[in-house]
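Have the sequence and the 3D view open side by side for this one.

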Amino acid sequence: MIGHDLIVWNDDLVTGIVKIDEQHRILVNSINDANTRLAADTSAELLNQISRDLLSYALYHFETEEELMQEYNYAEASAVDSDLHLQQHREFSAKVVALREGIKTGDLISREDLLTFLNGWLINHILKMDKRLATFILNKDSTVKR
Ligand SMILES: [Fe+2]
């Protein structure tokens, strides 16, 4: 089960698309870094900083994937997967925006809840949605090195 332990990068998480994999490694590293820092300090300031940086990198990363979806016409070829994928990106962003609202009003998310959400969401999303997208792209273009 995924809890709030550090994420260990492993081959199961590799999608095969270099650009996506590099960004996933950066996300995993920042989540692990947040985990370590929050063990020593769960102040509103740190939670605010961590959630802000994470949201901004996640949005940039979602944009990368969504540009690839457009480039390879994912929505036309695989509407259900494409819709669900976009929906998961939106839900992630909405959840982080909501927890940032909480931080602002003094309703701080605990380190455990934050990390359980982040770790669980990312691993589940990579293993299901991102790998499915990568398989689709690699089937269309085996020379892709992004
Ligand atoms: Fe994704």
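Asn32 lies in helix H1, helices here being DSSP runs of H or I of at least four residues, and strands runs of E of at least two, numbered from the N terminus. This is a predicted model, where local features need pLDDT of at least 70 and side-chain atom pairs count only at pLDDT 80 or more, while totals for chains, interfaces and linings use all residues. Residues are numbered from 1 along each chain as its sequence is written, and side-chain values use heavy atoms, with hydrogens and water left out.

Is Asn32 buried or exposed? Asn32 counts as buried because its relative accessible area is 12%; the cut-offs are under 20% for buried, over 50% for exposed and partly exposed in between, with a 1.4 Å probe and protein chains only. Setting aside neighbours within four places in sequence, Asn32 touches Leu6 and Ile7, where contact means heavy atoms within 4.5 Å. As for geometry, H1 has 23 residues and reaches 34 Å from its first C-alpha to its last, close to the 33 Å expected at 1.5 Å a residue. That expected span is 1.5 Å times one less than the number of residues.

Now look at the segment before H1, where His4 sits. With a relative accessible area of 29%, His4 is partly exposed. Which residues does His4 contact, leaving aside those within four places in sequence? They are Asn35, Arg111, Glu112, Leu115, Thr116 and Asn119. Take Glu112, which lies in helix H5 and is partly exposed at 34% relative accessibility. His4 and Glu112 are 108 residues apart in sequence, yet 5.7 Å apart in space, C-alpha to C-alpha. For His4 and Asp33, 29 residues apart along the chain, the C-alpha separation is 12 Å.

Next, the metal. Which residues supply the protein donors of the iron ion? Glu65 (OE), His85 (NE2), His89 (NE2), His125 (NE2) and Asp130 (OD) do, lying 2.0 to 2.3 Å from the iron. Donors are N, O and S atoms within 2.8 Å of the metal (3.2 Å for Na, K and Ca), and water is not among the atoms, so sites may look incomplete. Along the sequence, the spacing of the donor residues reads E-x19-H-x3-H-x35-H-x4-D.

At 1.5 Å a residue, the 26 residues of H4 should span 38 Å, and its end C-alpha atoms are 37 Å apart, so the two agree. Among the buried residues of H4 are His85, His89, Phe92 and Val96, and what covers the buried set includes H2, H3 and H5. Glu101, also found in H4, is partly exposed, with a relative accessible area of 42%. Glu101 and Lys140 are 39 residues apart in sequence and 42 Å apart in space, C-alpha to C-alpha. Just after H4, Gly106 takes a positive phi of about 90°.

There's another backbone angle to check. Most residues other than glycine have a negative phi. Asn73, in the loop between H2 and helix H3 (74–77), has a positive phi near 50°. At 38% relative accessibility, Asn73 is partly exposed.

How many cavities of 30 Å³ or more does a search of the whole structure find? It finds one, and the largest cavity has a volume of about 50 Å³. On a 1 Å grid over the protein atoms alone, a cavity is a set of points where a 1.4 Å probe fits but cannot get out, and lining residues have an atom within 4 Å of a point. Points are joined across faces, edges and corners, and the volume is the space filled by probe spheres set on them. The lining consists of Leu27, Ile31, Leu54, Ala58, Phe62, Phe92, Leu118, Trp121 and Leu122. Helix H1 (18–40), helix H2 (44–71) and helix H5 (111–140) each give two or more residues to that lining. By type, the lining divides into nine nonpolar, no polar and no charged residues; Ala, Val, Leu, Ile, Met, Phe, Trp, Tyr, Cys and Pro count as nonpolar, Asp, Glu, Lys and Arg as charged, and the others, Gly among them, as polar.

Terms used. 1 Å grid on protein atoms, 1.4 Å probe; cavity = no way out; pocket = protein on both sides within 12 Å on 5 of 7 lines; lining within 4 Å.
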